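We will go from the whole chain to single residues.

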Amino acid sequence: MTRAALCRAMLFVGLVGLLEVLCLTGMIDKLTMQAPHRMVADLWRILASGSLNAAIAKTLTNAGIAFGLAMVAGVATGVLLHRLKAVRETLDPLFATYYAIPIFAFYPLLIILFGLGDAPQILIGFMLGVVAVLVNTLNGLDRVPRALIKTAQVARMGPVETALRISLPFAAPYILTGAKLAVAYSLIGIIGAEFIMSRGGMGYEISFAYTNFDNATMYPLILLILLVSMTINTVLARWEKRLMIRRGQR
């Protein structure tokens, strides 16, 4: 374990330990928050009983679909815009201010267009994640050495083959950065949409538990969301680090 990793682990353990002490000594009221060890125990109970498996599967499936769509659309659009310089210069200011737009304000419109099913929620997650992937894809493609592009031209590669065999592999670490953001944004979009108007999913269950002061359900589900997001981001970060080390950049 590196020194930085050890420091992060010690900081995490220290914060969790402090929270545990504050909860057990009553400085944080039980009605406000349960102790971390109780959250873990209740999460295990929920998963073992299977009572919320349908809600968990619904949220994670929709988040996975939103993430997948964001990755495909973001990378494909990034490759296209990288070749269309004039269009990119026109759209760059919009990308820079995109996250200032309150995406959830479009939720009523999406319900009118697509109904009360999962589609509006998936679209919200997609809309939040796609631009992060797009911007990071463009960032990576901008850094592809001109020598590699000239080599592709000498080998008579077409635009699609050049992108698949030269540009995108080189830009992979930057695309993975966008993927890490897209994971978080997709989960935020899906869970937030379930809070607003849904009869199922983890967001709905958390909202319902909060309304009924059911900490034994609310906090374990929040913990599960954190664990899922952190696990996926850790895997992507390790993949990104290996690619950078392979290129001698770290």
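**Before you click.** This is a predicted model, in which local features need pLDDT of at least 70, side-chain atom pairs count only at pLDDT 80 or more, and totals for chains, interfaces and linings use all residues. Residues are numbered from 1 along each chain as its sequence is written, and side-chain values use heavy atoms, with hydrogens and water left out.

**Whole chain.** Show the cartoon. You will find 10 helices and 0 strands. Both are DSSP runs numbered from the N terminus: helices are H or I, at least four residues, and strands are E, at least two. The C-alpha atoms fill a box of roughly 70 × 55 × 30 Å along the principal axes. Of the 250 residues, 39% are buried. Buried means under 20% relative accessible area, exposed over 50%, and partly exposed in between (1.4 Å probe, protein chains only).

**Stop 1: the core.** Select Met71, Val75, Val79, Leu168 and Ile175. In the largest nonpolar core, which has 20 residues, these five touch the most other members. Such a core is a set of buried Ala, Val, Leu, Ile, Met, Phe, Trp, Tyr and Cys residues joined through side-chain atoms within 4.5 Å. Two or more residues come from each of α3 (53–83), α6 (119–141), α8 (159–196) and α10 (215–246). α8 gives the most, with 10 residues. In soluble globular proteins, nonpolar side chains tend to be buried together.

Now pick Val79. Beyond its neighbours within four places in sequence, Val79 is in contact (heavy atoms within 4.5 Å) with Thr137, Leu141, Ala163 and Leu168.

**Stop 2: helix α5.** Select residues 107–114, which form α5. Which residues of α5 are buried? They are Tyr107, Leu110 and Ile111. These cover an arc of only 105° around the axis, so they sit on the same side of α5. The arc is that of the directions from the helix axis to the C-beta atoms. The buried residues pack against α6 and α8. On the other side, Ile112 and Leu113 are exposed. Just past the helix, Gly115 takes a positive phi of about 85°.

**Stop 3: Phe106.** Step back to the loop between α4 (85–96) and α5, where Phe106 has its place. Phe106 counts as partly exposed because its relative accessibility is 36%.

**Stop 4: Asp42.** Finish in helix α2 (residues 36–49), where Asp42 lies. Is Asp42 buried or exposed? At 5% relative accessibility, Asp42 counts as buried. Leaving out residues up to four places away in sequence, Asp42 touches Gln34, Ala216 and Pro220.
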